[in-house]
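Hi everyone, thanks for coming along. I'd like to walk you through one model today, so let's get it up on the screen.

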Amino acid sequence: MTFSEKEKGDIKVVFDQFDTNHSNTIDSHEVGAVLAKLGHDVKPEQVQKLIDEIDKNKDGEIQFEEFLTIMEQIQSTGGKQSGLSSMMGNIFGGAQCLKCNKKVFFTEQIKFGERVFHKKCFSCEKCRKVVPSSDEMAEYGGKLLCKNCEERENPEKRDMKKKVRASLKVAVSGAKPCPRCAAVVFPQDMVMGPGGNHWHRSCLTCKACSKILEPDRMEEHEDEAYCKAC
């Protein structure tokens, strides 16, 4: 296969990631350093073997044209090479974006667990917003959601966020939380409830039948409010 000029430009970006001294060639030290940075535990002799597989003119370094050749092999075989070339395929072109099913170069990829996406394809399945980092993405109900959408979809997260906000308000204001809903009770909405605690007027209801209660017309049991009938 033959790459378009745009594809060659993308591959040059990958090549430049290895060419750390900007010599327009890649040597074994540069390959080893990048592979180690990507988490591959490769011995020097393995790196040299990889260089030898790609280095067609046998000068001990990889030129861009030689790099293009191995990339063409990777793309044409779907990344199914043997030996160390297979590892190169997995790094450069063997990974497949889970969203668009196209090949992903490592310079444009983002990973969520073992799944790989193009950065532009890594988006929330609810609001469709592109998410810049895997730390800002969550999985809930079999879908990948941004943190904001996950909080809205996940009742546990939503309730926890409410409780945290309530606790912060309590800490800042010095007020005590309502025993029923745990939110801050402000003076304009305050009534005296069971145990002498401050309750929201709307929260002071019979726990059994939900009837709205007046402080002087309620019964108390284990710090909860009940109507006289219940």
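**Packing around the rings**

Let me start with Phe112, which is buried, with a relative accessible area of 13%. Buried here means under 20% relative accessible area, exposed means over 50%, and partly exposed is in between, all with a 1.4 Å probe and protein chains only. Before I go on, a word on the source: this is a predicted model, where local features need pLDDT of at least 70 and side-chain atom pairs count only at pLDDT 80 or more, while totals for chains, interfaces and linings use all residues. Residues are numbered from 1 along each chain as its sequence is written, and side-chain values use heavy atoms, with hydrogens and water left out.

Now, which ring pairs with Phe112 in a tilted arrangement? The partner is Phe122: the ring centres are 6.2 Å apart and the planes are at 45 degrees, so the pair counts as tilted. For pairing, I take rings of Phe, Tyr and Trp (its six-membered ring) with centres within 6.5 Å; planes under 30 degrees apart are stacked, over 60 edge-to-face, and the rest tilted. Helices (H or I, at least four residues) and strands (E, at least two) are DSSP runs, numbered from the N terminus.

Phe122 itself is buried, with a relative accessible area of 1%. Phe122 also makes a tilted pair with Phe117, at 5.2 Å centre to centre and 50 degrees between the planes. Setting aside neighbours within four places in sequence, the residues in contact with Phe122 (heavy atoms within 4.5 Å) include Ile110, Val131, Met137 and Leu144. The C-alpha atoms of Phe122 and Ile110 are separated by 7.4 Å, and these residues are 12 apart along the chain.

Ile110 comes up again with His118, which is in contact with Ile110 as well as Cys97 and Cys100, among others. His118 lies in strand β4 and is buried, at 5% relative accessible area.

Let's turn to the cores. A nonpolar core is a set of buried Ala, Val, Leu, Ile, Met, Phe, Trp, Tyr and Cys residues joined through side-chain atoms within 4.5 Å. The largest one has 20 residues, and Ile11, Ile26, Val31, Ile62, Phe67 and Met71 have the most contacts inside it. At least two residues of this core come from each of α1 (5-18), α2 (28-37), α3 (44-54) and α4 (64-76). The biggest giver is α4, with five residues. A second, separate core has 16 residues, including our friends Phe112 and Phe122 along with Ala95 and Cys146.

Back to rings for a moment: Phe15, Phe64 and Phe67 are linked into a cluster by ring pairs.

Finally, where is Ser23? You'll find Ser23 in the loop between α1 and β1 (25-26), partly exposed, with a relative accessible area of 34%. The side chains of Ser23 and Thr25 are joined by a polar contact of 3.0 Å. By polar contact I mean a pair of N or O atoms within 3.5 Å; within protein, one must be able to donate a hydrogen and the other to accept it, and residues adjacent in sequence count only if both atoms are side-chain atoms.
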